[in-house]
Amino acid sequence: MKSPASASWKAPLKFRMPTAENLIPIRLDIEVDGQRYKDAFTWNPYDPDSEVVMFAKRTVKDLKLSPGFLPQIVQSIQSQLATFRSYEGQDMYVGDKIIPIKLDLQVNHIVIRDQFLWDLNNFDSDPEEFARTLCKDLGIEDPEVEPAIAFAIREQLYEIAIQNVTTARENRISKKGRRAAEHFTPSKASGAALDLMKLFSFGSSVVRKRKEWDYYKPVLDLLSNEDVHALEAKEERSG
């Protein structure tokens, strides 16, 4: 059964990712005996926990990591899954929410910067499909860029979903706040959000405002080997 494409902010939904697939972002940054492993990927929170152990074993083997990485990879993934599951069943308010998504990514020799508006009420939205289309439109052939874009979008949507749970909790606790909300007079900000809703066609979740196309259009840069090495060295120093 599909989730509703839109919902009143007065009627909370149960916590989930505001996308068609309920995939959550997982980040790993682990160092063992001077060896460092960093990765970012999405995970289905309903997969059996045994999949986490299998993934960790496969990763350690394929990347020739020391055995000490195995328990740390498992622990890190399970901890992030537990955080997600701790919100399940809780109410979250979405409302007429159009939020900006920003991309500022470096993947190998490619730097991509972009920003666009995303409709949180469209629970059929697909960050992976958006990333696929964007890479095709920009002629990006590096296969690592597409999942990096999708991950960046999901990470921002996940953070906002958690914020929406907090909002629902605060509204529930504060009776005064709830009564005020029921007699709420739309502000300029909410009016702007409603105006932005008009930009979305049914089934669409992303829009670039026409009058700001020059500002909202994606920017793509290609880095030289020297640039990549310099950025990697800077990251190592800051890490």
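I take contact to mean heavy atoms within 4.5 Å. On that count, residues 24 or more positions apart account for 69% of the contacts in the protein with a separation of 6 or more.

**Ground rules.** I am working on a predicted model, where local features need pLDDT of at least 70, side-chain atom pairs count only at pLDDT 80 or more, and totals for chains, interfaces and linings use all residues. Residues are numbered from 1 along each chain as its sequence is written, and side-chain values use heavy atoms, with hydrogens and water left out.

**Overall make-up.** I looked up the secondary structure and found eight helices and eight strands. These are DSSP runs numbered from the N terminus: H or I with at least four residues for helices, E with at least two for strands. I then checked burial (under 20% relative accessible area is buried, over 50% exposed, in between partly exposed; 1.4 Å probe, protein chains only). Of the 239 residues, 37% are buried.

**Nonpolar core.** I define a nonpolar core as buried Ala, Val, Leu, Ile, Met, Phe, Trp, Tyr and Cys residues joined through side-chain atoms within 4.5 Å. The largest one has 51 residues, and Phe15, Ile73, Ile77, Ile149 and Ile153 touch the most other members. Elements supplying at least two residues each include β2, β3, α1 (50-62) and α2 (69-87). Helix α4 gives the most to this core, 11 residues. Domain 1 (11-90) and domain 2 (96-172 + 191-235) both contribute, so the core lies between them. The domain bounds come from an automatic or database domain assignment.

Isoleucine 149 touches Leu103, Leu105, Ile112, Ala131, Leu134 and Cys135, leaving out residues up to four places away in sequence.

**Largest pocket.** I used a 1 Å grid over the protein atoms alone; a pocket is an open set of points where a 1.4 Å probe fits, with protein on both sides within 12 Å along at least five of seven lines, and lining residues have an atom within 4 Å of a point. Points are joined across faces, edges and corners, and volume is the space filled by probe spheres set on them. The largest pocket holds about 1,200 Å³. Its lining has 32 residues, with Arg27, Lys38, Gln106, Val107 and Glu235 nearest the centre. Two or more lining residues come from each of β2 (24-32), β3 (35-43), β5 (98-107), α4 (145-173) and α8 (225-238). Helix α4 again has the largest share, eight residues. Domain 1 and domain 2 each give at least three residues to the lining.

**Positive phi.** I noted aspartate 33, not a glycine, with a positive phi of about 50°. Aspartate 33 sits in the loop between β2 and β3. Its relative accessibility is 78%, so it counts as exposed. Asparagine 108 has phi near 55°, also positive in a residue other than glycine. Asparagine 108 is in the loop between β5 and β6. At 33% relative accessibility, asparagine 108 is partly exposed.

**Leucine 220.** I found leucine 220 in strand β8 (residues 219-222). At 32% relative accessibility it is partly exposed. Leucine 220 touches Ile110, Val111, Ile112, Leu138 and Ile140, not counting residues up to four places away in sequence.
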